[in-house]
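Let's take a walk through this structure together, from one whole chain down to single side chains. Have your viewer ready and follow along.

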Amino acid sequence: MLLIYCPYCEEERPELEFRHAGEAHIARPANIAEISDEEFERYFFIRSNPKGITFERWRHVHGCGRFFNAARDTVSDRFLATYKAGEPKPDLSGKGAKT
Amino acid sequence: MAEIARREPALEGRACQGQGISLSPAAPASRLSLRAPEASLAGLSQALSLDLPRRPKSSATKGPRAALWLGPDEWLVIDEEEADLAAICAAVPALHSAVDISHRNVGILVSGARAEEVLNSGCPQDLSSRAFPVGAASRTVFGKAEIVLWRTGEEAFRVECWRSFSDYVFSFLEAAARETS
Amino acid sequence: MTQPFRIPAAGRLDPQKVVRFTFDGKSYTGLEGDTLASALLAHGVHLVGRSFKYHRPRGILSAGAEEPNALVGIRRDEARRTPNVRATVQELYDGLTAVSQNRWPSLAFDVGAASSLAAPLLSAGFYYKTFMWPKAAWERLYEPAIRRAAGLGVAPHRPDPDRYSNRFAHCDVLIIGGGVAGLSAALAASDAGARVILADEQAVPGGTLRFEAGAVIDGMPGWEWALAAAAELRSRPNVRLLNRTTGFGYYAQNMLGLVERLTDHLATPVPDAPRERLWQVRAKRVVLATGAIERHMVFPDNDRPGIMLASAARAYLNHFGVAVGSRIAVYTAEDSAYAAAIDLRKRGVEVPAIIDLRQDPRGPHVEEARSLGIEVLAGCMVVATEGWLRLRRVCIASGEGWRRDIEADALLTCSGWTPAVHLFSQSRGRLAFDPETQRFLPGQYAQDAASVGACNGTTGLAPTVAEALKAGADAAREAGAGAGGARNIDAHSGDAWSAGFLGDAPAAGRMAFVDFQNDVTAKDIRQAVREGMRSIEHVKRFTTTGMATDQGKTSNPHGLAIAARMLGKPIPEVGLTTFRPPYTPVTFGALAGHSRGKLFEPTRRTPIHPWAESQGAVFEDVGQWKRAWYFPRSGEDMHAAVARECRTVREAAGIFDASTLGKIEVVGPDAARFLDLIYTNSWAKLGVGRCRYGIMLREDGFIYDDGVVGRLAEDRFHVTTTTGGAARVLHHMEDYLQTEFPELKVWPTSVTEQWAVIAVQGPRSRDIIAPLVEGVDISDTAMPHMSVREGRVCGVPARLFRVSFTGERGFEINVPADYGRAVWEAVWAEGQKHGACAYGTEAMHVLRAEKGFIIVGQDTDGTVTPGDAGLSWAVAKNKPDFVGIRGLRRPDLVGSGRKQLVGLKTTDRRKVLEEGAQIVADPNQPVPMKMLGHVTSSYWSENCGHSIALALVQDGRERDGERLFVPMPDGAVEVEVTATVFFDELGERLHG
């Protein structure tokens, strides 16, 4: 069971309180009704699913209820950072995954 | 005019006493799910006569009334004397959402020297008084149910859960309370 | 009954405290504190099991959790029959009943042992190669036969009557292992004030101090020091000492799984005590003090009962007071085995010889053995052993070529010690091979942990204590506790230790066992390499070495060394198999914990549930909810009850518990704007007091949920969702509000359980509720279909909806949940006056299907658009945005050929179609047929007098009137495609 730092509760909480919510930093196009099929495909269907550092959304669903973002290493399963929704990707230099 | 219907609280008549542990349903109370931005807190606090807490995992209490921080824009307000909390907030012009959930939630009082460990049979949070001091409050899980946990004393907690989960939560607590170690 | 091999003075058990038990029906006695193994050995019983594959007689190998051979069944009663219990771990209690396994008809005469004669045929890979053809025979013939022949114990057939428990715990320092290292670390960490949990798998901590006769710590014999240290730890409020507790899994971020065994050692378990408790511990720092596991020597016929590990014999002697034989030889390649010979000799046991594989063993232990009259045969090896059910003779050869036989009823072996790095490795730490001592030791750590003592390769008592004290103090400090005093523990021991030996000894013949439990020999491993296995992972799978329930604790390094030698590679290049949880087997009960029976998962009941129960309702599960399915009257079956309920609703009225319906209160000045984005419909113009049916999509354009929304005020909406969709719709709303539309001033709050909902449907519905309603004009003109009012019902605050899911005039009374039952009973009493009945979910389904109303999740499946479902009217044409607006325009969603919702009428009016059945145009076409769609809902309609069905059919709406077929096993059913509304096509009944 992972321990996840909730940026709103300002402490680590057990994974049981959280729900994963897909890849982060995919903004819904403001003009979504007008975008092309290709743009819609990129927005809705295509995900990067990298091996290594991934940016993903979590929701502290059984806690403060907030959605937030996390940088996690999919190889080591380590969280490198969590940050509030709407904040930019954090600088991860020097936070290399310990394996 | 119709007769006033009889109230039938969940967990009516349930109780459990054991070595170092006592479980009982809390008396009916009025409850409010309050959502509001920072700017509205002063006005709402004034109307509710208590300072809505802004620190995570904390609560504020005044007399029979308490406000539990659940999220950065969310509070659970409980009034044990069943004051009309929705009406109180309705008079506040500042932006907010106040929804009556008096009957949605059921309160369970867990107390005794073993309260912490009985709760830890299903709640994964660190409940030591260092991590979860008196006054701490948090939404969390208990087994397969969501609860709000509030430490009201060194050896006393209040569990709030949704009505239809109360049988599960109470029965689980009973099972853990009955356990001799 | 005497215990001929008991030497009470040698052990710590009280000879007065006699305990009775049976093994395979024969009665024995033991002493309080015995394990089943030590008690059997006290009677000279070594033979306790048959091996897995060859059914060879097997004895007790070890005195601990690593035991591969001595697996027995423990029976308390019919339901409590635990298979595969290690006799070396099972504590004795009065009345214990143990049985041997994997033998027929008896342990001493086992027919299966004939397979031993066929052993040349049964070598590694035999099953894979032999039972390949014909393919079908594997399932039907080979596998069942093999499973019968090669097996472990039998699981009980009755449900487990025991209770299991779970505990989440947090601490600063978690220490696994209560030997001298673990105890020292715990003392140091708790000195500093850290919250400490110490888990030890034994009944009493002390680890190898149980048998290390020469250990002296703080001036006390080692064992007494351990007891004192444990008592001191127990007295500290910041320490939790868990006995009989195994740390079996090391997971992410310093979470460890421990299993505590609470009753398996008791003659009469306390009724409320759980049998086992699972601890899920989150520790800031972990100290691993898991010790080392002794390895056996690999030589021909090394598996006869009577051949065991040297340290085990020492534990049986020095702790339990049992000599494991009367003439005991020793075969070793390591120093520590000498101590066993010396201890036994000193207690008067004959020790004819120590056979040492090494050319020139030296040291005080060698001298001491010789001085006690024990012959030390250096540079010698065991080339064979004799004795079928018990060792009789050991055949020795020297390097110079002479041979000699020694009569012996026990042979102690030791080829060295393997550090127990299992948990370290599970933590994803990297092991490093130390070529000098031929051991894998903790290398790079992946988590906040330290290893101390034997599991870290540290040898000798004093260095172990020093290392453990430092690690305990460091862990406490790093965890944020204060600094402790500088504790010093003076420790010394006469025990010798040397690196030992890996692999098979020279002269290993055919039956030189590496892995006893899976019957894997040195030859099998060589064969695997010859047949092309290059990685140890392949060798393991081909031979099954290390894959038994003991996970190769005693055998893995041997297997690895043999493979490495064959491959001509150093050991680290051959690799190491992965250590995975659990360290020792864990019961399913412990993992399930409280989650069984009533607590398996929450059962949600509405406030009206008890009433329905009292009326004899039959319930169905809808997610976690129990919902009244139908209300049979005496003599009625389901069909009759549902037909009556459906008829009554349309003729008079029906009362239905709709409390499970999801309800969300959406509040804020931007509430209507928000609903505009979440639903396909428009909400801005919906008047206060009015309701509208709304459809919610995902971004891909498919239906996500639906429901009626009522406007209570300009800034307040009462949204209803499907029963199953309540939680996910709230999640969906919060997601969009928090991340996509954060500028909107609106909040959704779940009120599903705030309100009990009583639906009253049918022509008499208004008459029924009229006497109970206050403050609301419920006339048709004041409160038309699709309106909502707040007022009082039965004197309590209520939200009254005029809505209909039946096509009849209908109301839904929402009252605060605690009043639900009383209001229901009042409505029921009024309903009785008007011929109303209570109806359940089945009638509700039929009634809505008669009207062609969809149920999301039944008539839709995540690939259905509003257009497909015939609900295009609910999609606003001129809104600039809503969730799903772009998805709906995808080419494949707007093209022809989509499956559309239609009605089906069977030509045979009485035939009710199967839900999920496929639909074709021509039932006589060859298989595979072209399928046009499937039936989504199907019922007998009492009101229509014929069966009705809804179906998703390709271009269905263009097929109106077309004849299609539903092929079923007993023939195709002819159907006619119709509109989806079967009853009251004009909808006149809604308005009374």
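Of the 992 residues in chain C, 61% are buried (under 20% relative accessible area; over 50% is exposed and anything in between partly exposed, with a 1.4 Å probe and protein chains only). This is a predicted model, in which local features need pLDDT of at least 70 and side-chain atom pairs count only at pLDDT 80 or more, while totals for chains, interfaces and linings use all residues. Residues are numbered from 1 along each chain as its sequence is written, chains are lettered from A and ligands numbered from 1 in the order in which they are written, and side-chain values use heavy atoms, leaving out hydrogens and water.

Chain C holds 24 helices and 51 strands; these are DSSP runs numbered from the N terminus, helices being H or I with at least four residues and strands E with at least two. Its C-alpha trace spans about 115 × 70 × 55 Å along the principal axes. Among contacts (heavy atoms within 4.5 Å) in chain C between residues at least 6 apart in sequence, 67% join residues at least 24 apart.

The size of an interface is often given as the accessible area lost when the parts come together. Here the two chains bury about 2,600 Å² between them, with 48% of it on carbon and sulfur atoms; buried area is the accessible area (1.4 Å probe) that two parts lose on being put together, summed over both. His731(C), Gln738(C) and Arg886(C) supply 25% of the area that chain C buries against chain A, more than any other three residues. The contact takes 33 residues from chain C and 29 residues from chain A.

How many salt bridges are there between chain C and chain A? The count is four, a salt bridge being a side-chain nitrogen of Lys or Arg within 4 Å of a carboxyl oxygen of Asp or Glu. The side chains of Arg57(A) and Asp735(C) form a salt bridge at 2.8 Å, N to O. On the chain C side, helix H20 (residues 726-740) gives the largest share of what touches chain A, seven residues.

Finally, have a look at Lys144(B), in the loop between strand E9 (137-142) and strand E10 (145-153) of chain B. Lys144(B) counts as partly exposed because its relative accessibility is 40%. Not counting residues up to four places away in sequence, Lys144(B) touches Tyr168(B), Ser595(C), Phe600(C), Glu601(C) and Pro602(C).
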